[in-house]
Amino acid sequence: MEKEFDVVALGELLIDFTEYGTSEQGNPLWEANPGGAPCNVLAMLNKLGRKTAFIGKVGSDVYGRQLAETVSSAGIDSSALLFDEQVHTTLAVVHTFPNGDRDFSFYRNPGADMMLTESELPLEKIENCRIFHFGTLSMTHDGVRAATKAAVKAAKAAGALISFDPNLRPPLWDSEANAKENIAWGLAHADIVKIADNEIVFMTGETDYDKGAAILKERYPNIQLLNVTLGADGAISYCSGHRVFVPAFKLGGTIETTGAGDTFCACVLHDVLNNGVEDRTAESLIVMLRFANAAAYLVTTKKGAIRSMPSPADIKTILS
């Protein structure tokens, strides 16, 4: 049976305030960039011609309205984006270091994205997608955690592949143990996993990523495609018995890295929609990683994420 959506994602939609120089009076200026990992992924997928839908909640405020307009203008189905009348839209202040890495300060105690409940899930969308994608920011608190788990189970029961990105943000968890427990739940229910280098260390204690990946594959045999992102060094893919490393593109012009991992993740899902996750060749994984790395590099040359996704033509130019 043909599905209406290629990818449906659930999770946070927020404003990333990114540094934008200083005013004439010497005060820092900030740009209000629409963001949130799940929607970043969908925005890139839409650039690649995929049909997507987002499930989440924002505040009924100026930022919530900005986000709703942004999601719609990106071509993402936003009919399951809800507005909370009591709780404001989540905000994140992003401090960028000289090498492009970031530090986040969240205004989310509570934030509207935490208010999504299981009874508000659009099951008709969840059951009508080829891939369901989620992270752990929608698992930090009880109500939205129950909604996330119910959505994953419904998508799986309907035959969707499950994509998971831990997207660890330590300040948002009440304890390290709680973060590990919920990341473990995600890993145990996913077919496709994108995990960053620091996250694989967090979950396995291994700084040797091959050893860490082997631990995860043994603990969670459900994972068919495991990608470890190494920031400016590139990415490793473990799939169908293969281990493939592709270095990052280092062509200069990096401003900040917000959204790079989400862009990479989207390109991987695009490849999976074309080629599946079973019986992959090493050569096909190299092609997948080169495309994803090229797209991720391009995002680092702009501020923000949702509005900064590259076109297929831009990616092909980098690849050539």
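I count two rings of Phe, Tyr or Trp as a pair if their centres lie within 6.5 Å. I note that the model is a predicted one.

**Rings.** I looked up the aromatic pairs and found 5 in the structure. Ring pairs join Phe132, Phe134, Phe164 and Trp185 into a cluster. I took one of the pairs, Phe134 with Trp185: the centres are 6.3 Å apart and the planes stand at 75°, so this pair is edge-to-face. Phe134 belongs to strand β8 and Trp185 to helix α5 (residues 176-188), so the pair ties together parts 51 residues apart in sequence. I then checked burial, with under 20% relative accessible area as the cut-off. Phe134 has 0% relative accessibility and counts as buried. Trp185, at 14%, counts as buried too.

**Charges over rings.** I found Lys51 over the face of Phe5, 5.4 Å from the ring centre. The charged end of Lys180 sits over the ring of Phe202, at 5.1 Å from its centre.

**Sheet.** I traced an open sheet of 9 strands with mixed pairing, in the order β5-β4-β1-β8-β9-β10-β11-β12-β13. At the edges are β5 (77-84) and β13 (242-247), each with a single partner strand, so one side of each has no neighbour in the sheet. From one strand to the next the twist averages 15°. I looked at how β5 is held: 6 bridges join it to β4 (residues 52-59), and the two run parallel. Gly56 stands opposite Leu81 in β5.

**Helices on the sheet.** Helix α1 (residues 37-47) lies across β1, β4 and β8, at about 145° to β4. Helix α6 (residues 197-204) lies across β9, β10 and β11, at about 95° to β10.

How values were computed. Residues are numbered from 1 along each chain as its sequence is written. This is a predicted model: local features need pLDDT of at least 70, side-chain atom pairs count only at pLDDT 80 or more; totals for chains, interfaces and linings use all residues. Side-chain values use heavy atoms; hydrogens and water are left out. Two strands pair if DSSP finds at least two bridges between them. Helices (H or I, at least four residues) and strands (E, at least two) are DSSP runs, numbered from the N terminus. Axes are lines fitted to C-alpha atoms, for helices over the stretch in contact, and angles run from 0 to 180 degrees between N-to-C directions. Contact means heavy atoms within 4.5 Å. Rings of Phe, Tyr and Trp (its six-membered ring) pair if their centres lie within 6.5 Å; planes under 30 degrees apart count as stacked, over 60 as edge-to-face and the rest as tilted. Buried means under 20% relative accessible area, exposed over 50%, partly exposed in between (1.4 Å probe, protein chains only). A charge sits over a ring if NZ of Lys or CZ of Arg is within 6 Å of the ring centre and within 35 degrees of the ring normal.
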